[in-house]
Every structure is written in C-alpha cells, then in structure tokens.
Amino acid sequence: MRSRDHVGELRPSQLLHTYGVGATVELPELTTLVLGLDEWPEAFGELVSEPRLLAAVREAAGAQVERLLTPPVVPEGDNAGVPVAPFPRWLRCPLCSLLSPIEHGVFTFKQDKWRPERTTYTHDGCPKSSTRRPPTAFPARYLMACQNGHLDDFPWVEFLHGGIPCKGTLRLVELGAGGRAGDVQLSCDECGRRRRLSQAFGDDARPYLPPHCRGRHPHLGVTEGCDQAPVTLILGASNSWFAVQNSALSIPSQAGELARVIDDSWSILSVLPPGVAFLDATLNTNAALRELRVLADKLGVETVHDAIEQRQGGLEEGDPTDLRTPEWRVLCEPAAAPELPDFKLRAVGPPPQFTGLLDEVVLVERLREVSALRGFTRINAPDDLGSRGGAIARLSRQPPRWLPCSEVRGEGVFIRFPEQTVLQWEARYRETGAARVLRDGHAGWRARRGLPPDDGWPGERYILLHSFAHALIRELALECGYTASSIRERLYAASGPDVEAMAGVLLYTAAPDSEGTLGGLVSLGEREQLGPLLRQALDRAQLCSSDPLCAEHDPRSDSSIHAAACHACQFASETSCESGNRFLDRAALVPTLARGDIAYFPVT
C-alpha cells in the first residue's frame, strides 16, 4: 500500500474508544491496523484544554506529555489522516483458497479513489476465476497476541510444518459453512500436510505454536523481548484491544472570566517557563492566547501571571490522579458554581417521599467530559491486569509529547445521599453479616488470581450507590428516550479518616456533537418526575425473573463479587458501568425474597 492512499473513514470518538492506536479496523474489503502516534499528523489535531485531566495523564504517562489533541481533522480533499497499514499481512483468495503474505506479491493492491471503502487486494490470475474481474483477497482470520500487548500474524508455516523445511504453496480451505475453527483446514500443495485450525486453540495447541511471543508491535514497527506465551485470536475478537483511558468532567476552578480563560488555554500555559516577561512575549506572539492578551491589557500581565501561578499551585496541592473529589465539591455546591458554556447546575431538591433518604438532587443541565487515551491492553481488560497479568502497551516509539483525546457534551442528574443516614445503613449492613458474605466472595475472587485477598474492597457504601445507579439507569432508559447503554454512571463513594466523605451518584449521557444532547434526561430529574421514577425503579428491584436463584445467590459459592444481582435485574452494559458489573446487591436497596433486613429504602 502506498503511503497516502485513502481507504476509509472513522468518527473521531471511534479512534479513542473502539479503533484506537494498535487496534484492527475491518473495512468492507480490507482490514487495517491503526499506527502509532509517531505517524499521526499532529498539525491537524485540535487542542483541547482540560487542566485536571492533563495533570492526571502526566502522572500516569510521564511529565513529557505537553498537551491533549483531538484526532486529526482533515480538510476536504486532503489525503492526510490517521495512518493505517494492512494487517494481518496474510491474505486468502476465496476461490482457490491460496494463502500468502502480501510481501510475496501474489495479491495486487487496487485503490478506488472515488469509493475509498472499495480499496482492496485482488488475486490476479486466479485459476478458478470464471470472469475477467479478479477475486478480492480477504485477510486470514487468525492472529497471535499476548498479555503484554503484542500482536502478530498467525505462524502459518510453522503451525503446519513444524521444523520440517518446505516451501510449498499453502491453502486455507473452509470445509463447512459454520466458520468454526474445526471446519477450517490448512494444507500444503507440495508435501500434502494438513492440519485443522481447531488445533491452534486451547492446551492442545502448544506443540504447534511458538513457545514464546515474538514481541512484535506492528503499530510501532518494533520488536522487543517477551516471555509470555502467545494465544490464538480470531480477527475482530473483543479481547484483542482494550482502551486505557482517563476521563474527567470539566468543572470551573473558580468564578471569574480570567479563571475560565486560563482553564481554556491551560494546555499552552502549563508548559511555559516561569516569568512575567516570557508570559508577556508569549501573549504577543501566540494567536491562540488572543483572549488572554485582551484580559492582560485590561488587568495587567502581573495579575494574569499570578492567576496562572495560583492555578498551577492548586493542581500541585492535590492528588492529580484524584479526579472525583474536585467534581464532588462543585456538584455539592450548585449555588456557588458559575454558569459556563459547558457547565450549568440547578438544584431542585429531593422528591418529598424520599426526604431523609436523599439529601439533594442537582440537575446538570450542561456538562463536558474529556477522555484521553494513554495506552491499550490485549487479552485482559485494564481492570484485570493486576489479577491476570499483562502490561499496558504504549502508543508511540518514544514517550509521547501529546495524547489523543475526545470531548463529549451532554446532561445529567446528580443525587447526593445524606452522610449520617449512609453511615447508619453501613453499620446495619455490616452487623447483619451481609457485608461479610460479599467481602468473603471478593476475597475468594482475588485469592484465585493470586492477589492479596483483603485489598481492593471499595466499601459498603459503594455497593449501595452502585446498585442504586443500575436500578435507576434501567428506569430512566424506559422514559427519557436514550438507550440504557448511552446512560453512564459516575460514582462518588469514599469514607475514612484520611479522605473526604462522599456518597453520591451522577447519571449522565453525552454526545460528540457540539450542541450535546436534547435535555430528556434532565427533565426527568425534576421533583415531580423523579419521585415516581425512583419508586418504580425500587419496586422493580424487589423481584427478579430469576428469583429465587438471584435473590439467594451467595458470592462465597463461586467467588463472585455480586450478591443479589444478575443480567435480568441489575447488570448493565459495559458502556454504562464503571466497575464491570461488580459490587452489586439489590438487597441493599429494597427487601428481596431472600432477606429484607438490610434495605436502605423501606417498602411503602
């Protein structure tokens, strides 16, 4: 493939959440791999300012990260864009079943300039083609990957021949219509050897596959040492790429126009050398700081410099990785929060029937969430790295100076629980033994993975808040017009002597459109609407179609991390849940068939 051939299109948000760096992209007639940030056209990315998120990713990815940029926004007619390369490199002719790598020149690259999605490889001269149009060659559907993020072509020659030298032509024949690995046969025209692809999976595959991963990062074009055992994956498998991201809500650092402009320009200001003179020169020469220049002329450069120093000191005082506590403080004080183009709060109070059980309801009429991609994993999701091993793969050959990000705008409903009532419920949840049962299941889950069994417990209030969020998400989806998978949770749960106590839930939805969403979720947060919705959600949580099995589920029996919860009642989509459907128990909300002594909400 030539260096600037246009082969398809993706939405910017897909380049972070689904088809990011190192992921395979299946186009209609071609499969490609997104290359590393070293190859991306940095000049076409738009600068995104989010100081708290930038500080968090610097803590995780290194202090050399200077800014956050959107994926390239390419002008109409320009061939520049996100670079990709054909992968896997082995292709198969669907007519004669010939299997060969691209480098051998058997398959011909053909570009369609007017319909880029039709760009493909063809098998010219196929002996079984009965038309003048050569058949399209498709990628071989099997890959090799390991827990350290490496990806490689399937070792077709070694898998079939082992150590026997043979340079015969390979063919990959599908003997059945189901596409199962047992129905796919690899054969050699010269020596006649045959082997089914089912032998590439499971424990029986060890004699036919390399003992160690070859350590290849095709998105970077580098090879490194690796001691992991590779596993066979199907092209497009869901565990072939997991994004490692940080996200933050844009919240005002303080009231005032100067603070807002500094926040908007923080990606530039945060890397400037100290000094009033240098700041003054930069304001005069950098067009992106035009608005700040106007304020400097009005207020004085020294005032702007002091405000920047104060902003920097505020970031350094707190933990840069703690993104929730600053959000919690702003959401708990809606009257003091300034109204900004991407942030607006309005307190409405809890429904009368939930007085004493809910402390405050705040409508987030406008919000902005920024997510930054700082790596990816394969085989195991990022949450499982500690329990199952593996490493986060890097996005570039050298430590990156910038990271790709996306921003979405939307709306949400924030519900705060009264601290004293939650403390009383926590004591009851522990005294009845319900907390010990779930905690024992959690300890067993960690012990099976070789982890310290007493670590990683989020606290009893997290179970209450998490179960409440899932119950309300299901009910909101029936009323607001958004699908359940588009409503996301953001939990604020913390307690202890050294941390600020938090007990709240933010349910929100957002879209990449500049106008955000349409207000359907916020409208349901009004007191007259939210009260009936909460009651309906809690009534539904009392019974599950899988009862009594669901209600009587004991986490200790299978070392799981949920009690009375299943796909029929509490589990949500992975786009909605922040903890993989763990730490759920609807008995913490309402009485169930199994027990009614630990419910936070009484039955009315």
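Which residues of the largest nonpolar core touch the most other members?

1. Val57, Leu68, Tyr121, Ile262, Leu269 and Leu292 do, within a core of 56 residues. A nonpolar core here is a set of buried Ala, Val, Leu, Ile, Met, Phe, Trp, Tyr and Cys residues joined through side-chain atoms within 4.5 Å, and buried means under 20% relative accessible area with a 1.4 Å probe, protein chains only. There's also a second, separate core of 51 residues, with Ala435, Ala469, Ala471 and Ala587 among them.

2. Before going on: this is a predicted model, where local features need pLDDT of at least 70 and side-chain atom pairs count only at pLDDT 80 or more, while totals for chains, interfaces and linings use all residues. Residues are numbered from 1 along each chain as its sequence is written, and side-chain values use heavy atoms, leaving out hydrogens and water.

3. Leu99 has Leu170 of β13 as its bridge partner.

4. Last, the helices (DSSP H or I runs of at least four residues). In α11 (residues 419-431), Trp425 and Tyr429 are among the residues that meet α13 (residues 460-480), whose side includes Ile463 and Leu464; contact means heavy atoms within 4.5 Å.

Key
Pairing = 2+ DSSP bridges. Helix = DSSP H or I, 4+ residues; strand = E, 2+ residues; numbered from the N terminus. Buried < 20%, exposed > 50% of the residue type's maximum accessible area, 1.4 Å probe, protein only. Axes fitted to C-alpha atoms, helices over the stretch in contact; angles between N-to-C directions.
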